Every structure is written in C-alpha cells, then in structure tokens.
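Hi everyone, thanks for coming.

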Amino acid sequence: MEALFAGGFPEFISGDKEVDKYIARVRESFREYDLILTDEDDQLAATGWGVPIMWSGDVSELPSTFADVLRQSIEVHDAFSAADTFVIGGAVVHPSLKGSGAAESLIRALCDTAAAHHLTNVVAPVRPTRKHLYPLLDIDAYAAWVRNDGTPWDPWLRLHVRIGGSVIGLAREAQTMTDTVSRWEEWTGLEIPVSGDYIIPKGMAPLRIDKTADLGTYVEPNIWVRHR
Ligand SMILES: CC(C)(COP(=O)(O)OP(=O)(O)OC[C@H]1O[C@@H](n2cnc3c(N)ncnc32)[C@H](O)[C@@H]1OP(=O)(O)O)[C@@H](O)C(=O)NCCC(=O)NCCS
C-alpha cells in the first residue's frame, strides 16, 4: 500500500508539515478503513483509505485543509465519539491497471466500507489529476470546467461524478507544502536562481520562492465531492 502511494504522487506531496503532525496516528488508528483490491491473479490492483469524522452536513463546516480532516478524525477517535462521515483520504490504481475500471471499483468499495461502519455521509477532497496541466488557472474555473456532455473535464473528478458523486465545494488551500530552496530543487529537478514564482512539474499551482528566507511555498487545492 505504502509503495503504491509513494509511486502515485509527486515527491513534494511529503512537504505538508501539518499533515506530518497527524499522519502516523491516522495510520495506526484507522487500519480498518484501509482497502486493498487485488486482480484475478491476486496481484495488488488498487488501494485506498479514509477516516471517520463528525460533520453537520453544512458545506461551510467541512474541514478547510487535508490536515484538518486528519486532525478531526483523531479528535473523534480519542474522544470515543460516534463519527457519522467517512472522508476518502486517498486512492491509487496500480500503474499497469489504470484505465481498467479498478478506480471505480475502489471508490465503490470505499463507500461500502463507510456503510459497513455505519458512516452515513461519504465525502472526498478530490485532488484533480490533470490540474497540473493548467497551473495558472484558478481552481474555481478548473472545477467548473465541463466537457460537451456536461461532465467534469478533469478525469478523476469526472469518475467521482459519473458514479454518483456531486461537487459540493472547494478546499482552495487543501495542502500547503513548504521546505528549503534546495529541497524544492531536489523535488522538482529545477535550478531555482532567484526569488519568484515557478511552474513546477506536476504542480497544480506555481511554487513561490523566497531566497532570503530560504523558503519555497506551494499551495494546492482540492474539490469536495459528496457521494452520500
Ligand atoms: C486517479 C486514479 C486512481 C484514477 O484511476 P484510473 O484507472 O486512471 O481511472 P479511470 O481509468 O477510471 O479513468 C477515469 C477517467 O479518466 C480518463 N483518463 C484516464 N487516464 C487518462 C489520461 N492519461 N488522460 C486523460 N484522461 C484519462 C478515463 O478515460 C476516464 O474517463 P471517462 O470518464 O471518459 O471514461 C489513478 O490515475 C491513480 O492512481 N493516479 C495516481 C494517484 C492519484 O492521483 N490519486 C488521486 C488522488 S488521491
């Protein structure tokens, strides 16, 4: 599961310092929500996970960041409170099986897992997979972009919608990745000579560099989808 996730995302995904605070606790506390799908030869086909939180159903009360999702799940866990909402945290299909329908099976299986745990609501902060091709377009315009058939232009968002999800909101600053300039050079393969904004490989938005502070900051958006 870890290896598939590591291969599915750009290296800079590890730069969210807020997520770092909670991810180990989440991993150990919610193993029952980790899913692994295998193919007919028993090989790893897809994997996904999520966490339970409490949510009023009001879109304005959704967690504003991915780290906040994790923090809330730990709070619910530690307080022994009854959660009512499953938040899909991640999904990856094995590279050799992309386009095979495994992604759809995985989302459906995650929704079924939520139901099995009596979590009435299922939401996902979707990380749009083609946003990096349009790093200068704001997320409002990107999320609203539809094909001629009226379905979302982004393929991953489209899949969520095709199987019954509705776009309910945006997390404009879902993840903030920060690190030194040299670490950003490693992550992006770019030389970064001066302060300024840079388009980076696989970046959904520009990276802002402050050479004086030796700091690179990159903020990426998610699109909230509700499945149930
Ligand atoms: C996101 C991911 C799980 C989707 O799996 P997948 O097997 O590619 O999904 P599907 O084949 O069902 O594709 C869904 C849609 O995207 C389209 N699509 C797939 N690859 C595409 C590509 N390279 N370019 C354009 N469209 C593509 C499919 O045609 C389908 O569109 P349709 O609605 O017109 O049929 C998979 O790409 C992945 O593991 N990515 C890396 C990790 C990641 O980004 N996860 C999501 C955030 S947690």
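Predicted model: local features only at pLDDT ≥ 70, side-chain atom pairs only at ≥ 80, totals over all residues.

Let's begin with the ligand. Around it sit 18 residues, and the closest are Gly8, Lys98, Gly99, Ala103 and Pro155. Which elements give two or more residues to this shell? They are strand 3 (85-93), helix 4 (102-116) and helix 6 (155-162). Helix 6 has the largest share, with 5 residues.

Now to the inside. The largest nonpolar core holds 46 residues, and the ones touching the most other members are Leu70, Ala103 and Leu106. Helix 4 is the top contributor to this core, giving 7 residues. If we set aside neighbours within four places in sequence, Leu106 is in contact with Leu35, Leu37, Ala46, Gly48, Ala91 and Val93. Another core, of 10 residues, lies apart from the largest one, and its members include Phe12, Trp187, Ala205 and Ile209.

Finally, back to helix 6. Its buried residues include Trp156, Leu157, Leu159 and His160. Looking down the axis of helix 6, the buried residues fall within an arc of 155 degrees, so they line one face of the helix. And what covers them? Among the covering elements are helix 4, strand 4 (121-126) and strand 8 (215-226). After helix 6 comes Gly164, with a positive phi near 115 degrees.

Terms used. Residues numbered from 1 in each chain as written. Near = placed C-beta within 6 Å. Helix = DSSP H or I, 4+ residues; strand = E, 2+ residues; numbered from the N terminus. Core = buried A, V, L, I, M, F, W, Y, C linked by C-beta atoms within 7 Å. Buried ≥ 20, exposed ≤ 12 C-beta atoms within 10 Å, placed from the backbone. Contact = placed C-beta atoms within 7 Å. Arc of directions from axis to C-beta.
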